[in-house]
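Please keep the display open and look for each part as it is named.

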Amino acid sequence: MSDSPIPMVDLKAQYATLRGELEPAMAQAMAATQYILGPNVQAFEREAAEYLGVRHALGCASGTDALHLALAGLGIGPGDEVITTPFTFIATAEAIRYVDATPVFVDVDPQTFNLDPVAVERAITERTRAIMPVHLFGQPADMDTLNRMACDRGLLVVEDCAQSFGATIDGRQTGSLGAAGAFSFFPSKNLGGFGDGGLVTTHDDAVAEQIRSLRNHGQTARYHHPQIGYNSRLDELQAVVLRHKLPHIDQYNAERRRVADRYDAGLADLTVETPFRRDGARHVFHQYTVLTDHRDTIMQALKDASIASAIYYPVPLHRQPAFADAAVPASLPIAESLAERCCSLPVYPELTDAMVDRICGVIRDAVGG
Ligand SMILES: *Cc1c(COP(=O)(O)O)cnc(C)c1O
């Protein structure tokens with residue numbers, strides 16, 4: 001039906017394609033009863049490490065926990081400053097708070113929406129310990145410049161890869177480019193589980209050992225706890241789901257790019273700015289986000305046509321009451337302008353060309369063109 005509702009994400013179609021192999025695999029894991037750090041978690045950690053090109057991939061309970069464990073595992077803590085972006089989901093900066101470090105928000109690049117390396121450089125002080133880029137909406141941040149700066153200044157780079165599973169820079173995976181990376185398997189992410197889940201990546205053996213301990217109550221040997229840790233493990237049943245989806249992730253991301261290409265063409269001559277793509281980087285379109293001065297008009301027209309759209313994100317983090325006690329800058333004009341002009345359109349692998357055309361048609365009628 002040409003006017004059936006189009007949601008932001010539709011998880012049913014992907015489930016239908018995997019159901020035949022997933023249900024017996026889930027049944028087997030349920031019957032095996034090794035529910036905590038069982039064989040599927042271990043296998044998924046190996047398979048994910050291989051896919052991502054990292055020495056270590058450690059499952060944990062969520063993407064938020066992955067960020068927290070990455071920072072804690074690197075020894076970032078009280079008194080340390082971590083430079084990050086205000087134009088992201090709150091979890092990025094919450095994690096900095098969890099280790100009692102201070103988030104330092106700097107402005108973003110108007111084209112990529114990612115951390116602006118020039119702004120980062122200006123914000124470095126003697127307290128700075130780390131830079132935390134987010135590969136927002138699946139677009140890789142400028143890791144080459146950030147890594148060079150970090151190397152010169154003796155800083156750590158922690159990648160928030162919650163929206164970028166499978167994104168690459170010159171063929172190298174996000175999550176393999178810094179001191180540590182953090183992924184989320186929240187159901188709507190590019191690689192999504194059937195609940196919460198996360199993954200920390202690192203090349204460093206000692207950091208991996210520390211994270212392995214921290215995620216499991218600070219334990220080293222069974223019931224030996226040299227430090228306080230957390231209960232943050234990837235669930236065995238989630239690992240079953242993720243192992244069955246991982247072999248398809250490149251295909252899922254290619255379908256997202258097909259959708260993005262079709263939006264680009266369908267919106268090209270309208271007064272909306274379509275997403276920029278960096279040279280040499282593979283964008284995986286966790287979101288397809290346009291900029292427009294007619295956001296209310298477009299969103300209302302889409303709503304009237306039963307098509308979802310969303311604002312990611314309406315309030316930059318330096319404007320959130322939760323960070324009012326951080327030394328937040330009075331204004332970060334680019335992040336604020338993006339928050340006022342951004343509009344995300346439906347994108348998921350199973351979105352058909354015909355549906356994209358229908359969405360573009362509604363936007364065309366709304367803004368004229
Ligand atoms: C989803 C997300 C997170 C948090 O992941 P959860 O698994 O929901 O805890 C962190 N950072 C960004 C940028 C995200 O999009």
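1. Helix 2, in this predicted model, covers residues 39–52 and has 14 residues. From its first C-alpha to its last it reaches 20 Å, which is close to the 20 Å expected at 1.5 Å a residue.

2. Several residues of helix 2 are buried, and these are Asn40, Val41, Ala43, Phe44, Glu45, Ala48, Ala49 and Leu52. After the helix comes Gly53, whose phi is positive, with a value near 70°.

3. Strand 1, made of residues 56–60, is mostly covered, since five of its five residues are buried. In a regular strand the side chains alternate between the two faces of the sheet. Here His56, Leu58 and Cys60 point one way from strand 1, while Ala57 and Gly59 point the other way, and all of them are buried.

4. Which strand pairs with strand 1, and in what sense? The partner is strand 9 (residues 198–202), and the two pair in the antiparallel sense over five bridges. Within strand 9, Thr202 is the residue that stands opposite His56.

5. Met30 has its place in helix 1, which runs over residues 11–32.

How values were computed:
Residues are numbered from 1 along each chain as its sequence is written. This is a predicted model: local features need pLDDT of at least 70, side-chain atom pairs count only at pLDDT 80 or more; totals for chains, interfaces and linings use all residues. Side-chain values use heavy atoms; hydrogens and water are left out. Helices (H or I, at least four residues) and strands (E, at least two) are DSSP runs, numbered from the N terminus. The expected span of a helix is 1.5 Å times one less than its number of residues. Buried means under 20% relative accessible area, exposed over 50%, partly exposed in between (1.4 Å probe, protein chains only). Two strands pair if DSSP finds at least two bridges between them.
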